[in-house]
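Good morning, and thank you for coming.

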Amino acid sequence: MFEHLPRYAGDPILGLMSDFFADPRIDKVNLGVGIYYDELGQVPLLDCVAQAEQVVVSEHKPRSYLPMEGESAYRALVHQLIFADSLDKRHFGTSIVQTVGGSGALKVGADFLRTAWPGSEVWVSDPTWDNHLGIFEGAGLKVNRYPYYDPATQAFDYEGALAVFKSIPVRSIVLLHPCCHNPTGIQPTREQWIELLDALQSREAIPFLDIAYQGFGQGLDDDAWVIRECAHRGMEFLVSSSFSKTFSLYGERVGALSVVSRIHDADLVFGQLKLSVRRNYSSPPIFGAALVARVLGTPALRQLWESELATMRSRIVKMRAQLVDGLSKLMPERDFSFLQRQEGMFAYTGLSAAQVRALKTDHGVYAVETGRICIAGLNPHNISRVCAAFATVMRSA
């Protein structure tokens with residue numbers, strides 16, 4: 001009955017994880033998957049989460065279904081974290097639903113937009129996270145790309161992106177990365193963001209801002225600046241958010257979708273979001289969101305979380321600097337400063353697919369074939385080896 005089905009080639013990043021775990025070499029290094037690891041190469045359990053877990057478990061609450069939109073206290077805390085006081089509440093409202101991770105937020109948002117604007121097409125950065133294409137195409141939306149990374153300068157293609165933004169069809173859906181761009185780690189300046197948002201407003205575009213790393217770039221407020229600028233401008237837009245990385249809660253799948261609309265349309269939007277949830281997974285899970293809400297809603301735990309988040313952020317910055325320093329010493333004839341100008345968990349190294357394959361085969365260093373590496377996979381125990389491996393494959397090109 002099913003022999004006619006095409007074979008699924010697998011997700012390239014998740015497939016890379018399988019190859020890594022099957023590799024018998026004890027000195028192998030995983031720089032492929034986007035997970036934060038501590039200096040010992042372990043996924044950390046944050047102290048704030050551990051304390052929140054003790055409290056939540058001790059309450060022995062029943063585990064009935066949550067409403068389709070999720071837990072109200074969690075949704076209110078998500079609103080404050082993302083928007084602060086940027087919205088003009090006299091004229092604009094937010095419709096927020098708890099989702100199954102950031103991917104669930106994107107999926108619910110894509111389905112909602114397919115219903116609300118069936119004639120609109122989606123524009124994503126070139127490159128972007130691979131699953132952005134899969135989610136939007138899976139919802140029946142046509143996906144286009146706008147220029148983002150310029151390989152000649154190893155920087156943001158501002159002129160290319162701006163030109164496209166000025167010419168896209170009216171009411172196009174444009175996916176934006178407010179911070180820590182995945183996969184390049186490259187961000188527009190605030191001055192460039194102003195011009196880009198001006199262009200999107202002139203085309204009545206529908207921004208869809210995917211913020212999976214709030215706090216890993218410049219800090220909680222700075223990383224949300226683009227979102228709050230959209231709110232200050234009176235734009236109507238969507239935000240998908242995730243707490244996998246910033247709370248180290250990957251397997252709990254804690255996310256949210258927020259839609260900013262005119263206040264008189266908020267109930268209509270909220271209803272359609274709930275309908276989309278109902279058609280996908282009916283209602284979200286309890287436990288992970290309860291942990292996040294407990295941390296965000298308890299002043300002492302919130303302060304502890306922000307401290308732990310700052311530690312993670314500073315470790316990423318430190319390892320990025322050590323990568324640049326190590327490569328510069330091994331290959332003084334090359335300029336690696338472009339890596340220093342990137343931010344967040346990822347670095348776009350410029351390595352070719354062949355060089356990435358050589359890293360894996362000859363050195364046990366795993367990276368995505370686009371040349372993207374996860375900076376958080378570096379630590380004091382493997383940084384010298386990684387730099388040496390990089391230098392070897394670069395010289396052999």
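This is a predicted model: local features need pLDDT of at least 70, side-chain atom pairs count only at pLDDT 80 or more; totals for chains, interfaces and linings use all residues.

Let me begin with the helices. Two packed helices are described by the angle between their axes and the distance between the axes. Please find helix α4, residues 101-116, and helix α10, residues 266-280. Their axes lie 9 Å apart, and the packing angle is about 120°. That angle makes α4 oblique to α10. The crossing of α4 past α10 is right-handed.

Which residues of α4 and α10 meet? On the α4 side they are Lys107, Val108, Asp111, Phe112 and Thr115. On the α10 side they are Val269, Gln272, Leu273, Ser276, Val277 and Asn280. Sorted by class, the residues of this contact of α4 with α10 comprise five nonpolar, four polar and two charged.

Now compare a second pair of helices, α11 and α12. Helix α11 covers residues 287-297, and it packs against α12 at about 100°, with the axes 5 Å apart. The two are therefore roughly perpendicular to each other, since angles of 65 to 115 degrees fall in that class. From α11, the contact draws on Arg294, Val295, Leu296 and Gly297. From α12, the partners are Pro299, Leu301, Arg302 and Trp305. This contact of α11 with α12 contains five nonpolar residues, one polar residue and two charged residues.

A pair of aromatic rings is described by the distance of the centres and the angle of the planes. The count for this model comes to 13 aromatic pairs.

In the pair of Tyr213 and Phe346, the ring centres are 5.8 Å apart and the planes stand at 90°, an edge-to-face arrangement.

Phe247 sits in the loop between β9 (237-242) and β10 (254-262), and Trp305 sits in helix α12, residues 299-330. Here too distant parts of the chain are linked, 58 residues apart. Phe247 and Trp305 are both buried. Together with Tyr74 and Phe243, they form one aromatic cluster.

Is Glu252 buried or partly exposed? Its relative accessibility is 31%, so Glu252 counts as partly exposed. Apart from neighbours within four places in sequence, Glu252 is in contact with Pro285, Phe287 and Gly288. Between the C-alpha atoms of Glu252 and Val57 there are 15 Å, although the two residues are 195 residues apart along the chain.

Glu229, by contrast, belongs to helix α9, residues 225-232. At 15% relative accessibility, Glu229 counts as buried, because the limit for that class is under 20%. Leaving out residues up to four places away in sequence, Glu229 touches Ile194 and Leu197.

That concludes my presentation, and I thank you for your attention.

Notes: Residues are numbered from 1 along each chain as its sequence is written. Side-chain values use heavy atoms; hydrogens and water are left out. Axes are lines fitted to C-alpha atoms, for helices over the stretch in contact, and angles run from 0 to 180 degrees between N-to-C directions. Helices (H or I, at least four residues) and strands (E, at least two) are DSSP runs, numbered from the N terminus. Angles under 35 degrees count as roughly parallel, over 145 as roughly antiparallel, 65 to 115 as roughly perpendicular and the rest as oblique. A crossing is left-handed if the near helix is turned anticlockwise from the far one by less than a right angle, and right-handed if clockwise. Contact means heavy atoms within 4.5 Å. Ala, Val, Leu, Ile, Met, Phe, Trp, Tyr, Cys and Pro count as nonpolar, Asp, Glu, Lys and Arg as charged, and the others, Gly among them, as polar. Rings of Phe, Tyr and Trp (its six-membered ring) pair if their centres lie within 6.5 Å; planes under 30 degrees apart count as stacked, over 60 as edge-to-face and the rest as tilted. Buried means under 20% relative accessible area, exposed over 50%, partly exposed in between (1.4 Å probe, protein chains only).
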